[in-house]
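Trainee: I have a structure open and would like to go through it with you. Can we take it piece by piece?

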Amino acid sequence: MQSRHSPQGGTAVVAARHTDEPDTTEIRRLADAAGYEVVAEHTQRTPEDAGYAMGRGKVERVAATAADHDADAVVYDGGLTPGQYSNWVELLPPGTDLLDRYRLVLGIFAEGAADRAAQLQVELATLRYRLPRLRQVTEESLLNRATEKGSVVLDVEDRIDRLHDELRAVSDRAERRRVERRERGFDPVAIAGYTNAGKSTLLHRLADDLSVGALDEGHPDLDETAAVEDRLFETLETTTRRATIGGRRVLLTDTVGLVDALPHDLVASFSATLDAVADADVGLLVVDASDTLDEVREKRRVSLAELDDPRCELLVVLNKCDLLTEEELAARREDVAELDRVDDVLAVSAVEGTGVETLRDRIGDALPGETLRAELPNGGETESFLAWAHDHGTVTDREYTGETIRFGFEARPGVVERARSRVDDLREGTADRSS
Ligand SMILES: Nc1nc2c(ncn2[C@@H]2O[C@H](COP(=O)(O)OP(=O)(O)OP(=O)(O)O)[C@@H](O)[C@H]2O)c(=O)[nH]1
Ligand SMILES: [Mg+2]
């Protein structure tokens, strides 16, 4: 498939500092997702020059490599302060773009964010990133000579305020939508996890084939597609699809992936992911189990930290188990099972379908439910109530006795409460008529 992110394009030199073994896999993949071809890399063990985040000599070598390759960009695997940033730029060949991890990811999101909320969030994150840098420049120039630069800072601050307001309106609308869907008997289930863990693939596995179009028209997050691609940040908006699990109607939300070493406010800006998890009855934390045990641990730690202790039932899904031996899988299971916050661990292969039925059952068990048993007079009103019940939960053990219909009804607690009051009305109706 052609990249859905129009590439920023060009070639890049990667620079990374490390404490143990150099591992540039993730930063290279991020560069790739941003549309860069990595032509060279430089890594350096700990010693650093505070002015550069790496040794100055190393930065000079990076600059020389960039010049040799005529590279379009230099990518640094970490965050650069405004001061470090300008020190690097001074050493790099003129015209070379300098991207730290944060800018790189912002670039990917800026290219790929298609819906209004995601665009607002990207703009907000970008401005938040720029503001302290802008303030610094402004202060320096104000010291040197009186300028009008101060107004640029004010403009940015204003824009940030307005973005906040707009985003609040967007998230209020999303909140209303969630409440409405709950009232209609849908159980929200969120799929979250590190980028490229297989969230979208799992969504496809679990979701109904039915189009969601008829469900609630005009709700932009309802979608039949969620692209699957072996590229970081393939999914840049939350996507919601319908599923039927244990007879219950579920809305599954596929979220934007998480990634390590990003300032917390960037992650927080992509609040739709966090809101979806915060609101869910069940959260699936998808982990790429084909990573090494250390990576699994680290990515899971990052994910749990970012999700900020959700109140939902949390199931860890060890995905891609088709790529693992029994022992490798056992080691990963054991590791996750020790975590307090996790309610259960399940191994699946979203691609092959292994373990998916067990996962469905487990999700079904985790959905908060209540059962109501009732007996109502056989008749049109009862039939129409049962049609409603069927749309909002599961009707079980339906039994016709001639005069009456006996049945069970399972659904979310709030829905069962409403069913109970309708049942009472229908009974009272009979009582009125029979008296
Ligand atoms: N072998 C194997 N590959 C898988 C499995 N599940 C997903 N993949 C592959 O992993 C890659 C990422 O899958 P996605 O579903 O796009 O992952 P994601 O978590 O949605 O990723 P982002 O949207 O980028 O955060 C794709 O190449 C999938 O085909 C699995 O069970 N086994
Ligand atoms: Mg995805």
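Trainee: What should I know about the model and the numbering before we start?

Mentor: This is a predicted model, so local features need pLDDT of at least 70 and side-chain atom pairs count only at pLDDT 80 or more, while totals for chains, interfaces and linings use all residues. Residues are numbered from 1 along each chain as its sequence is written, chains are lettered from A and ligands numbered from 1 in the order in which they are written, and side-chain values use heavy atoms, with hydrogens and water left out.

Trainee: How many helices and strands does the chain have?

Mentor: There are 14 helices and 13 strands. Both are DSSP runs numbered from the N terminus, helices being H or I with at least four residues and strands being E with at least two.

Trainee: And how much of the chain counts as buried?

Mentor: 50% of the 435 residues. Buried means under 20% relative accessible area, exposed means over 50%, and partly exposed is in between, with a 1.4 Å probe and protein chains only. The accessible surface of the chain is about 20400 Å², and carbon and sulfur atoms account for 47% of that. Those areas come from the Shrake-Rupley method with a 1.4 Å probe, and for residues only the protein chains shown count as cover.

Trainee: What share of the contacts joins residues at least 24 apart?

Mentor: 74%, taken among contacts between residues at least 6 apart in sequence. A contact here is heavy atoms within 4.5 Å.

Trainee: On to ligand 1. Which residues are the closest?

Mentor: Lys199, Thr201, Glu234, Thr235 and Asp322 are the closest, out of 23 residues that surround ligand 1. To be near, a residue needs one of its heavy atoms within 4 Å.

Trainee: Which classes make up the shell around ligand 1?

Mentor: Seven residues are nonpolar, nine polar and seven charged. Ala, Val, Leu, Ile, Met, Phe, Trp, Tyr, Cys and Pro count as nonpolar, Asp, Glu, Lys and Arg as charged, and the others, Gly among them, as polar. Helix α7, residues 199-206, gives the most to the shell, with three residues.

Trainee: Which side chain has an N or O atom 2.9 Å from an oxygen atom of ligand 1?

Mentor: That is Ser200. Thr195 places a polar side-chain atom 3.0 Å from a ligand 1 oxygen, and Lys320 has a polar side-chain atom at 3.0 Å from an oxygen of ligand 1. Taken alone, ligand 1 exposes 660 Å², and the protein buries 89% of that.

Trainee: Salt bridges next. How many does the structure hold?

Mentor: 29. A salt bridge is a side-chain nitrogen of Lys or Arg within 4 Å of a carboxyl oxygen of Asp or Glu.

Trainee: Which residue does Glu41 pair with?

Mentor: Arg28, with the closest N and O atoms 2.8 Å apart. Glu41 lies in strand β2 (residues 37-45) and Arg28 in helix α1 (residues 25-33), so the pair ties together parts that are 13 residues apart in sequence. Glu41 is partly exposed at 32% relative accessible area, and Arg28 is partly exposed at 32%.

Trainee: Where do Arg56 and Glu60 lie?

Mentor: Both are in helix α2 (residues 56-69), four residues apart, about one turn of the helix.

Trainee: What about Glu383?

Mentor: Glu383 forms a salt bridge with Arg398, with 3.9 Å between the closest N and O atoms. Glu383 is in helix α13 (residues 380-392) and Arg398 in strand β12 (residues 394-400), so the pair ties together parts 15 residues apart in sequence. Elsewhere, salt bridges that share partners join Glu175, Arg178, Arg182, Asp279 and Asp281 into one network.

Trainee: Is Arg360 buried or exposed?

Mentor: Buried, at 16% relative accessibility. Arg360 is in helix α12 (residues 356-366), and its side chain reaches the backbone oxygen of Thr244 at 3.0 Å. Leaving aside neighbours within four places in sequence, Arg360 is in contact with Arg205, Leu206, Thr244 and Ile245.

Trainee: Last one: where is Gly35?

Mentor: In the loop between α1 and β2. Gly35 counts as partly exposed, at 22% relative accessibility. Its C-alpha atom is separated by 9.7 Å from that of Ala12, 23 residues apart along the chain.

Conventions:
Polar contact = N/O pair within 3.5 Å; in protein donor to acceptor, adjacent residues only side chain to side chain.
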